[in-house]
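Hi everyone, thanks for making time this morning. Let me put it up on the screen.

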Amino acid sequence: MADKQENDRELTGLYAAVHSAIWLIGLAVLFYTGDWFPGILILVAISGVAQALLLNKAKQEEAKAQAAQSARQAALAVPPVCPTCGAAINASSVVWSGVSTAHCPYCKAAIPLKA
Ligand SMILES: [Zn+2]
């Protein structure tokens, strides 16, 4: 839960920065062209779309972070030696066939990961 709150805060900061940039650039364009009436509506629309895109991106980042975390947990679960052939193995030498399934690089046996 703490991580989720942190992501929300980051999104707020990022969105606030992009939001400010969109409005400053948009207002500069409107001031330069003098085309205030339909222009301000377009600016509001652009601002809304940017918020939706940033929310979507933040969700993807969160999913990526969770995948990385489960990969780290799986790496911790790799035993120091292969139970089938006794070769020294670690999370970077084994062949990963999934987030929680690994095979010995020497004998190709499936390695039982500690829970
Ligand atoms: Zn082996």
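So, let's start at Lys108. This residue counts as exposed, because there are 11 C-beta neighbours inside 10 Å and the cut-off for exposed is 12 or fewer. Before we go on, please keep in mind that this is a predicted model. Where does Lys108 sit? You'll find Lys108 in the loop between β2 and β3. Have a look at the backbone there too: phi of Lys108 is near 65°, a positive value, and the residue is not a glycine. As a reminder, most residues other than glycine have a negative phi.

Now let's step across to His103, which has Lys108 among its contacts once we leave aside neighbours within four places in sequence. His103 belongs to strand β2, residues 102-103. Is His103 exposed, partly exposed or buried? It is partly exposed, because 17 other C-beta atoms lie within 10 Å. One more distance for you: between His103 and Ser93, 10 residues apart in sequence, the C-alpha atoms are 9.5 Å apart.

Two bridges join β2 and β3 in the antiparallel sense, and the partner of His103 in β3 is Ala110.

What about the core? The largest nonpolar core has six residues: Cys82, Ile89, Val94, Ala102, Cys104 and Ile111. Let me pick out Ile89. Apart from neighbours within four places in sequence, Ile89 is in contact with Val78, Val81, Cys82, Val94 and Cys104.

Next, the helix you have all been looking at, α2. This helix covers residues 36-76, which is 41 residues. From first C-alpha to last, α2 reaches 59 Å, close to the 60 Å expected at 1.5 Å a residue. How many of the 41 residues of α2 are buried? The number is zero, so α2 lies largely in the open.

Finally, let's zoom out. The protein chain has two helices and three strands, running α-α-β-β-β from the N terminus on. Of its 115 residues, 5% are buried. And if you take contacts between residues at least 6 apart in sequence, 42% join residues at least 24 apart.

Technical notes:
Residues numbered from 1 in each chain as written. Predicted model: local features only at pLDDT ≥ 70, side-chain atom pairs only at ≥ 80, totals over all residues. Core = buried A, V, L, I, M, F, W, Y, C linked by C-beta atoms within 7 Å. Buried ≥ 20, exposed ≤ 12 C-beta atoms within 10 Å, placed from the backbone. Contact = placed C-beta atoms within 7 Å. Helix = DSSP H or I, 4+ residues; strand = E, 2+ residues; numbered from the N terminus. Pairing = 2+ DSSP bridges. Expected span 1.5 Å × (residues − 1).
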